[in-house]
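Hi everyone, thanks for making time.

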Amino acid sequence: MTQREVDFPALAERLRPQCEAIVARYEERRSALLPIVHLFQEHEGYASRDAMRFTADLLGLSPAVVESTVSFYTLFFRKPVGKYVLQVCRGLSCTINGAENIMAYFREKLGIGHLQTTEDGLFSYEEVECLASCDRATCMQVNLEFIYDLTPQAIDDMIAAMRAGTFSVAPMVQSDPPGKTWSVKQDGEVSRGGKAAGALGVSSPNNPGGVGDSSGVIMLDRFVLRDDAPAMRARSNERLVQDAKLVAEVIEE
Ligand code: FES
């Protein structure tokens, strides 16, 4: 393991009053988990293991709870990343609007793929699931700020501005040098030797993207179409009937 460049104990002591102020906003200490990890990410450039351990101690949680919560969100980076984290949406609306071409353009222009960082440590690239801005597809986030209506020309301008240090979004802090990839083990791989049963067949955030979001189709197939999920199907059908009745009543009125 490489030596970290940041003096974490000093950083933690400096941020402790802010952390306590965040905790005081909530009825339960554990509710402060995400904002505190985010605070450390702002100062370190990623959610370090030290930060997650500190958060666990402060909130009286196990490190596993903190890590599994943080691992759910693409808003957190669990390894050092580049100064600009480029997260391109590969969800359905963006795919329909040409996300595959946009992703191919980024990969070619930067010379890196999904979950990789350029040699100079300037760019990290990731293809993510729906960013909930489908009306502005194709879209992405740069250091968690939204950028919409992507075109090859817009990407050229964006990358040039980042290289020149004039881009509208500030670069991330880089407290530790990034490696070539920032993919991480899936939860369950370490402790159980594989994904949890409920996650089997659902796409992994570590998988290369470029094919649209298949997980929605998989879940639909699992819940609605398959014979081995009668309880789920019955519930769906029941709701459909209820919804239809409601609509009919409104029309009659
Ligand atoms: S599919 Fe891209 S924002 Fe929803």
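This is a predicted model: local features need pLDDT of at least 70, side-chain atom pairs count only at pLDDT 80 or more; totals for chains, interfaces and linings use all residues.

Numbering starts from 1 along each chain as its sequence is written.

Okay, the overall picture. The protein chain has nine helices and five strands; those are DSSP runs, H or I of at least four residues for helices and E of at least two for strands, numbered from the N terminus. In order, that reads α-α-α-α-β-α-α-β-β-β-β-α-α-α. Of the 253 residues, 25% count as buried. Buried here is 20 or more other C-beta atoms within 10 Å of a residue's own, exposed is 12 or fewer, partly exposed is in between, and C-beta atoms are placed from the backbone.

Now α6, and back to that span. Which residues of α6 are buried? A99, I102, M103 and F106. They cover an arc of only 100° around the axis, so they sit on the same side of α6; the arc is taken from the directions from the helix axis to the C-beta atoms. On the other side, A104 and E108 are exposed. The buried residues pack against β1, α5 (92-96), β3 and α7.

Over to the core. A nonpolar core means buried Ala, Val, Leu, Ile, Met, Phe, Trp, Tyr and Cys residues joined through C-beta atoms within 7 Å. The largest one has 40 residues, and V88, C89 and C139 are among those with the most contacts inside it. β1 gives the largest share, five residues. Domain 1 (8-70) and domain 2 (79-193 + 202-213) both contribute, so this core lies between them; those bounds come from an automatic or database domain assignment.

Take V88: beyond its neighbours within four places in sequence, V88 is in contact with A99, I102, M103, F106, E127 and M140. Contact means C-beta atoms, placed from the backbone, within 7 Å.

Last stop, S133, in the loop between β3 and β4. S133 is partly exposed, because 18 other C-beta atoms lie within 10 Å. Setting aside neighbours within four places, S133 is in contact with C139, F146 and Y148.

Methods:
Two residues are in contact if their C-beta atoms, placed from the backbone, lie within 7 Å.
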